[in-house]
Amino acid sequence: MSVRRNTMLLSALLCASLVSVSAFVEELDDSFMDTKGDDEIWLIKFYAPWCTFCKQLDPVWHQIGSELKSLGSPVNVGKSDATANTGLAKEFRVRGYPAILMLKKDVKYDYSGPRTKDGIMDFANRIAGPLVRALTSLQLFQHAMSRHDVMFVYIGATSPLKGNYSTAAERLIVHTYFFSASRDVLPKAVSISSLPAVVVFKDGTYFTYSEERDGELKSWINRERFPNYNKIDSYTLYAMGESGKLVLLALVEEKRLCEKSLRYKRLVEKVAADYREIYSRNFYFGFMEGGSYIDGLLMSEVVVPSFIVVDLSSDSYFLPAGDIETERHLLDFLDKVLDGSVQSQGGNGVTQRVKRFVYDAKVMLTPLFSQAPLLGCFLVCLPLVLVMVTCYLCSKARSADTDEDGVALLAPSAQSSRKLTDKKSD
């Protein structure tokens, strides 16, 4: 009896906890835009009931809602079934699921990072806060540096440069934080020759923006918003494609790296640090564990460990002609990529897109055929049958409009007119 009572108590507590967590996430419908407050800030997930990734994200979403509420955040958390609330989904131009975005003062901010609690929480806090955060003391400055791998700071008084900085922040706040400070709160190791200035702190050092050397401020910030060398996942690699830079990757095993993989990682890290002034304008450097994402780009199984240069802006890539064992070999490879001696492969042309579609279909259907052959055959044959039936019906309809001699049949009125014409000619 006591066991049954304990089981019932545990079930009641579990249900109560689920209800309390769910209470922090509001279900939104098509009336949302008319009923929300003007100053409200919303973090919204659009989902479809059949979407597997949406279901996997659901418990994380409720954790985010609970944690933001417990921290006293002004962010409201909601979710909406895009298949039922098509008006709201159309308002926010939802294209895929799950779609994550924030709404602040009627401005929409799309999230394109990893679907993790930490990643989404950081995005929510970044958008909810000030566009440019003021660092008013040395302690605040050092605390910000300890928390961010890459940090952009405007230093100085009001100026046209500050206006450009704020404009860039409006566009790029979805990706990184923006700060401002006066000269007297900077660490002693930071020396700025002239003010105002925009400085990026990363890789254990700092670099000052120069319009003459670096071009437009927003483009420079977009290029410099990643560490020069880093562990790179598929989300980061995709985002790096927007910067316009190439990415040199050491592809290594996911676990228990062999000696060759460790040597490749060290080699890339050394080149990134020692030759930053030469290559940082054109390259990011890093390593990626596993090659499944790159397999889709190459449309074949990539060798691990190995080197590859990726250009996600055009879905193209560069492979070394031979083995790379020394620093000199790697530098020669980078130089040949820049001067065009190494030809790019892949791309996003029509032919490549068709090949990639076929490859993706093959990758998706192969495990299906191995686990459920009949279902796989059905899914492959059904579209072919539909195409054949459609072609047959079209052909039959066309032949019905043609007589036995291959002459198109005329409508009755046209045939009568033709007979009258023939009689007159007789």
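A residue counts as exposed when its relative accessible area is over 50%. With that in hand, welcome to this predicted model. F357 has a relative accessible area of 61%, so F357 is exposed.

- F357 sits in helix α15, which covers residues 350-371.
- Together with V350, V354 and V358, F357 makes a nonpolar surface patch.
- The area of this patch is about 430 Å².

**Two helices that pack together**

- A pair of packed helices is described by the angle between the two axes and by the distance between them.
- Here the pair is helix α11 (residues 259-274) and helix α14 (residues 327-339).
- Their axes lie 10 Å apart, and the packing angle is about 60°.
- The crossing of α11 and α14 is right-handed.
- On the α11 side, the residues that meet α14 are L267, V268, K270 and V271.
- Their partners in α14 are E327, L330, L331 and L334.

**Backbone features to look for**

- Most peptide bonds are trans, and most residues other than glycine have a negative phi. The next two groups hold some cases that go the other way.

**Cis peptide bonds**

- The bond from L195 to P196 is cis, with omega near 0°.
- You can find P196 in the loop that runs between β8 (178-181) and β9 (197-202).
- The bond from V304 to P305 is also cis, here with omega near 5°.
- P305 belongs to the loop between α13 (292-298) and β14 (306-311).

**Positive phi values**

- R256 is not a glycine, yet its phi is positive, at about 50°.
- The loop that holds R256 lies between β12 (246-252) and α11, and α11 is one of the two packed helices described above.
- R256 has a relative accessibility of 83%, so R256 counts as exposed.
- D315 is not a glycine either, and its phi is positive at about 55°.
- Look for D315 in the loop between β14 and β15 (316-318).
- D315 counts as partly exposed because its relative accessibility is 25%, and the partly exposed range runs between the buried limit of under 20% and the exposed limit of over 50%.

Terms used
Residues are numbered from 1 along each chain as its sequence is written. This is a predicted model: local features need pLDDT of at least 70, side-chain atom pairs count only at pLDDT 80 or more; totals for chains, interfaces and linings use all residues. Side-chain values use heavy atoms; hydrogens and water are left out. Patches are made of residues with over 30% relative accessible area and no salt bridge: like charges are joined within 9 Å, nonpolar side chains (Val, Leu, Ile, Met, Phe, Trp, Tyr) within 5 Å. Accessible areas come from the Shrake-Rupley method with a 1.4 Å probe; for residues, only the protein chains shown count as cover. A salt bridge is a side-chain nitrogen of Lys or Arg within 4 Å of a carboxyl oxygen of Asp or Glu. Helices (H or I, at least four residues) and strands (E, at least two) are DSSP runs, numbered from the N terminus. Buried means under 20% relative accessible area, exposed over 50%, partly exposed in between (1.4 Å probe, protein chains only). Axes are lines fitted to C-alpha atoms, for helices over the stretch in contact, and angles run from 0 to 180 degrees between N-to-C directions. A crossing is left-handed if the near helix is turned anticlockwise from the far one by less than a right angle, and right-handed if clockwise. Contact means heavy atoms within 4.5 Å.
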